[in-house]
Amino acid sequence: MRRPEYAVSGVTVAVYTVPTDHLESDGTLEWRSTTIVVVHATAAGETGLGYSYADAATGHLVRSTLAPLIVGKDAMDIPSCWSAMRHAIRNLGRPGIVSMAIAAVDTALWDLKARLLGLPLVSLLGAARSGGADAVGVAVYGSGGFTSYPVERLQKQLAGWAEKGIGAVKMKIGRHPDEDVTRVRAARAAVGPGVALYVDANGAYTRQQALAMAERFAELEVCWFEEPVTSDDLPGLRLLRDRAPAGMEIAAGEYGYDLVYFQRMMDAGAVDVQQADASRCAGISEFLRVGALCEAANLPLSAHTAPALHLHPGCALARLRNLEYFHDHVRMENLLFDGVAQPVKGVLHPDLGRPGMGLELKHKDAERYAA
């Protein structure tokens, strides 16, 4: 059998752990650093970049199991590569670390294919949306507002996004429920009445708590309630969706690792806005399939975190509402990569003059964070 013209000649992995700029926490978790697994795939003199925010064990899985599988395969045949990776991990379990490992390799392959063709990734996928004035782009919402932040820091962060023209901001709640209404009131005061305010409990509330909080948050014009209860409780999410105040949307889906998860959530009528994360759900390939499900269900999709990764595929999905401009990941992507797009009037626009996703790892800057 003839070797493919664009055979993958190498796959490399690097793991970096970056301390946060402040203790970060949400309703159910606390952390002081974030780890990113960066994959490079090479073919015909071009190199594609992919990554996932995951544990260092994810990098080991790529190196030991997925990389040897991909070397020699046709870089232009991404579905075949993706299927081979999924088949190879049958006995390891699809969710979690395995799915995030596939995600990093899959994204690197999409970036590589676009570079081999000399195209920005959005042009390879096909742009399906405008970011205003017919320019390709997608709206972002500022996200952070961690429960570990003092109120003054919370207000400064959210107000800073609003002042830059970002029309929606999100804060964390749920760690100390008795303080949540006060903190949300402070957030509303900081951003003013013209900015959409989102809250994210990360599944910290019980159903009854969430119902009561929804009524209180509605008084402060909160229009998005993310994971009011755990995403494992689909009937609970449906209950909240049915009984939430008018104008308040229920969102969830960031912990989805395979297509069945998203289909199950949609079938349950659990959310008004479906979330998905390409760095978790086995890469751009599966993210695009989630987009197709949302298209069929007439349901809006929102990309969870990793804004630089989601920008190009997000612009290719007609049902994508917005990207999460997550403080932790925005900071890391600007620290580690050249070519990161910056929001203009609340919209991210891909650089159509750069091939692939337009990102390049700053190797020297990244070395100090090597795990």
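Modeller: Two strands are taken to pair if DSSP finds at least two bridges between them. Helices (H or I, at least four residues) and strands (E, at least two) are DSSP runs, numbered from the N terminus. The model is a predicted one, in which local features need pLDDT of at least 70 and side-chain atom pairs count only at pLDDT 80 or more, whereas totals for chains, interfaces and linings use all residues. Residues are numbered from 1 along each chain as its sequence is written, and side-chain values use heavy atoms, with hydrogens and water left out.

The open sheet is built from three strands in the order β1-β2-β3, with antiparallel pairing. The edges are held by β1 (10-25) and β3 (46-53); each has a single partner strand, so one side of each has no neighbour in the sheet. On average, neighbouring strands of this sheet are turned by 20° against each other, direction ignored; axes here are lines fitted to C-alpha atoms, for helices over the stretch in contact, and angles run from 0 to 180 degrees between N-to-C directions. Strand β2 (residues 30-43) is joined to β3 by eight bridges, and the two run antiparallel. Within this part, Leu-49 in β3 has His-40 opposite. Across β1 and β2 lies helix α1 (residues 56-70), which runs at about 160° to β1; contact means heavy atoms within 4.5 Å.

The surroundings include the nonpolar interior. A nonpolar core is a set of buried Ala, Val, Leu, Ile, Met, Phe, Trp, Tyr and Cys residues joined through side-chain atoms within 4.5 Å. Buried denotes under 20% relative accessible area, exposed over 50%, and partly exposed the range in between (1.4 Å probe, protein chains only). The largest such core has 120 residues, and Tyr-51, Phe-217, Phe-225 and Phe-337 have the most contacts inside it. Helix α3 (residues 97-116) gives the most to this core, namely 12 residues. A second, separate core has six residues, among them Tyr-141 and Val-273.

Gly-118 is found in the loop between α3 and α4 (121-125) and counts as exposed, at 53% relative accessibility. Arg-280, in the loop between β9 (273-276) and α10 (284-297), is buried, with a relative accessible area of 18%. Leaving aside neighbours within four places in sequence, the contacts of Arg-280 include Ser-99, Met-100, Ala-103 and His-304.
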